[in-house]
Every structure is written in C-alpha cells, then in structure tokens.
Amino acid sequence: MSRGKLLFRLDDQPYRTALAKIDADKGFTKTASGLRYKVLAPGTDPKPTATSTVKCLYTGKTVDGLQLTPQRQCLDRETALTLLARGNALLGDGEYQQAATHFGRVIGFDDPGVTGEALIGLGEAYYRLGLTSLKLGAFGDAVRALRRAVELQPKNTDAIVKLADIYMVATTQDATHAQELLQEAKDLSAKLLQLDANSYEGHRLAGQIGLINKDSAAAVKEFEAAARIKPGQTDLALAYFQALEANKQNAEAEKLALSVIENNKTFAPMYDQLYLSYMRQDERDKAEQLLRRKTENNPQQAQFLVQLAGHYLF
C-alpha cells in the first residue's frame with residue numbers, strides 16, 4: 001500500500017460512499033487504473049496524442065464539497081494580494097478550510113515573494129485545520145491536514161509530533177497495517193531527531209516504537225535520553241517502566257516508579273504498574289505496603305481502600 005492510500009485508512013467511509021455514488025452514475029466512465037470521468041460537453045479542438053503537452057483547468061474538491069485546488073486562472077498582482085490578505089484574515093478568524101482555499105489560489109503566482117507568503121499561510125492553515133480536526137475527533141481529516149502541514153512547514157515540530165502520535169495510536173487499532181503505520185511514525189521520529197538531536201519528542205517516539213517492536217534495550221536507551229532531556233514526565237515514566245521490566249531491569253524499574261510516586265503522590269497509574277510488577281514477582285509484602293501508601297497519600301479516594309481490601313482477598 002502506498003503512503004498516499006494510507007491517508008484514508010483511518011476514516012475512509014466517506015470516500016467509499018462517494019465512489020459508490022459515482023459508480024452508480026452511468027454517465028461516468030471508469031478506466032483500468034480506476035480513474036472515473038464524465039464528458040460534460042465534447043470539445044471541437046484537435047485531440048492531443050500520447051506525446052502532447054496540454055494545460056488543464058480544473059477544480060479539486062473533497063467528497064464533502066470543500067474546494068481545495070480552485071480552478072487555475074491567470075491572476076494579476078492586485079487579485080493575488082487580495083486573496084492573500086483574505087486568507088490571512090480567515091486564518092485569524094479560525095476559518096482554516098476557507099483560508100487554505102484562498103492561499104491555495106495564490107500558489108504558483110509569478111511573484112516569488114507573494115507565492116512564498118502564500119505557502120507560509122497555507123502551511124499554517126493546514127496545521128491549524130489538523131489541530132481542529134483532532135479536537136473534533138476527525139482523525140482521518142487530521143492526518144490529511146497534518147501531512148500537508150509537515151510538507152509545507154518541514155520544521156513545524158508540533159505538527160510532526162501530532163501526526164506521529166496519531167500513527168502510534170492507529171497501530172493498536174489496525175493490525176493489518178500496523179507495520180506501515182509504525183514506519184510512518186518511525187520516519188517522523190527520525191525527522192525530529194534530525195532537526196534536533198536532543199528532541200524530547202523524537203526520543204520518546206523512538207522509545208515507544210522500540211517497545212512495540214519488542215526491542216526493549218533500544219526502548220530503554222531512547223526513554224533514558226528523553227527523561228534526561230525533560231525530567232519528571234509521568235506519561236513517559238509509564239512507558240519507561242514497561243521497557244525496563246521487559247529488559248529484565250526490575251531493580252531500575254522499581255527505583256523509577258518509587259521516584260515518580262514520591263514526586264507525584266496522586267498519580268495512580270504508577271502505583272498500579274508497580275503493584276502488578278510486585279505481584280508478578282510474588283513480592284506480596286511490598287505490594288501490600290505500596291497499596292497502603294497509595295491510600296495514605298490519597299485519603300479522599302475511597303476506591304483505593306477497596307483495592308487494598310481486594311488485595312487481602314487474593
């Protein structure tokens with residue numbers, strides 16, 4: 001599967017529905033490659049040959065009608081600057097799809113300065129469109145927007161991280177394409193580390209990839225680097241703990257967990273991971289002491305007392 005096709009794997013039902021509607025229209029012709037087209041009005045000009053060079057005027061739209069690549073027309077400078085100004089205004093108002101459309105119309109204008117500014121605006125529009133899609137839970141749309149943002153703004157590290165995190169989550173939900181998704185995340189992690197060898201997010205992602213690939217030694221190395229760059233990150237500590245255990249470094253895992261608990265007394269997931277570790281190692285006394293500490297540090301949490309009571313039943 002190509003990376004282009006992978007974009008639609010997270011949320012491809014709208015595209016399937018649109019294609020089914022097109023296929024039901026007998027006015028469309030489908031080629032062997034899968035291209036669908038309809039002749040609206042036959043032309044009278046000479047037909048091009050296989051070696052001809054032709055110019056096409058076209059309008060690109062998503063299946064829900066959003067115009068992404070408006071029909072190319074010759075722009076004068078005044079029109080280009082007007083579109084640019086309108087795009088910036090829409091960007092400021094949070095109208096990211098419309099902003100992207102306006103910036104897109106200026107791309108390719110014969111003034112490099114105007115085109116350059118439009119490219120910056122287009123990248124920012126796609127980035128913000130990606131963030132908005134994430135908040136709405138539209139992950140397929142977020143992937144498409146963030147990929148475009150990364151292409152246009154190759155140093156936008158937040159866009160790179162957001163996109164990589166989506167791929168990491170998707171690996172757990174799409175077993176068929178997990179390795180392809182993981183490779184996408186790996187490429188993005190490498191990109192972050194290429195931009196900055198001390199990138200916390202780059203090392204974090206590399207560690208998570210190592211953990212998924214059951215390369216616990218590599219995961220430990222990457223998580224250690226991330227923790228050194230940005231100490232005290234509780235979410236990182238959970239994955240780091242898992243990597244240490246998988247690498248049979250139980251003493252180091254215990255030390256890490258106890259340090260996190262000491263500094264984050266209400267962070268229940270760390271108690272729970274260490275408790276399960278103690279139980280797997282048949283260290284019931286340590287497990288009991290840990291649950292007591294959890295309840296003492298969180299006296300308002302009645303469920304922690306229930307958990308302690310349950311420990312005595314098994």
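Which residue, with a positive phi, follows helix H13? In this predicted model, in which residues are numbered from 1 along each chain as its sequence is written, local features need pLDDT of at least 70, side-chain atom pairs count only at pLDDT 80 or more, and totals for chains, interfaces and linings use all residues. Side-chain values use heavy atoms, with hydrogens and water left out. The residue that comes after H13 is Asp282, with a phi near 60°.

The protein comprises 15 helices and 4 strands, where helices (H or I, at least four residues) and strands (E, at least two) are DSSP runs numbered from the N terminus. Of its 314 residues, 38% count as buried, a class defined by a relative accessible area under 20%, with exposed meaning over 50% and partly exposed lying in between (1.4 Å probe, protein chains only). Among contacts (heavy atoms within 4.5 Å) between residues at least 6 apart in sequence, 47% join residues at least 24 apart.

Asp282 itself lies in the loop between H13 and H14 and is exposed, with a relative accessible area of 60%. Lys248, in the loop between H11 and H12, likewise has a positive phi near 60° in a residue other than glycine, and Lys248 is exposed at 73% relative accessible area. Most residues other than glycine have a negative phi.

The buried residues of H7 are Ala159, Ile160, Val161, Leu163, Ala164, Ile166, Tyr167, Met168, Ala170 and Thr171, and they pack against helix H5 (112-135), helix H6 (139-152), helix H8 (178-195) and helix H9 (200-212).

The axes of helix H10 (residues 216-229) and H11 come within 9 Å and cross at roughly 145°, the axes being lines fitted to C-alpha atoms over the stretch in contact, with angles running from 0 to 180 degrees between N-to-C directions. The crossing is left-handed, a term applied if the near helix is turned anticlockwise from the far one by less than a right angle, whereas clockwise turning is right-handed. Ser216, Ala219, Val220, Phe223, Glu224, Ala226 and Ala227 of H10 meet Leu236, Ala239, Tyr240, Ala243, Leu244 and Ala246 of H11. By class, this contact has 11 nonpolar, 1 polar and 1 charged residues, where Ala, Val, Leu, Ile, Met, Phe, Trp, Tyr, Cys and Pro count as nonpolar, Asp, Glu, Lys and Arg as charged, and the others, Gly among them, as polar.

Side chains of opposite charge can pair when their charged atoms come close. The structure holds 17 salt bridges, each a side-chain nitrogen of Lys or Arg within 4 Å of a carboxyl oxygen of Asp or Glu. One of them joins Lys38 and Asp25 at 3.0 Å, N to O; because Lys38 lies in the loop between strand E2 (36-37) and strand E3 (60-61) and Asp25 in the loop between helix H2 (13-24) and strand E1 (29-30), the pair ties together parts that are 13 residues apart in sequence. Lys38 is partly exposed at 35% relative accessible area, and Asp25 is partly exposed at 29%.

Another salt bridge links Glu254 with Lys286, the closest N and O atoms being 3.1 Å apart. Since Glu254 lies in helix H12 (residues 250-263) and Lys286 in helix H14 (residues 284-297), this pair ties together parts that are 32 residues apart in sequence. Also in H14, Arg292 and Glu288 are 4 residues apart and so separated by about one helical turn, and their side chains meet in a salt bridge of 3.3 Å, N to O. Asp165, Glu201 and Arg204 are, in turn, linked in a network of salt bridges.
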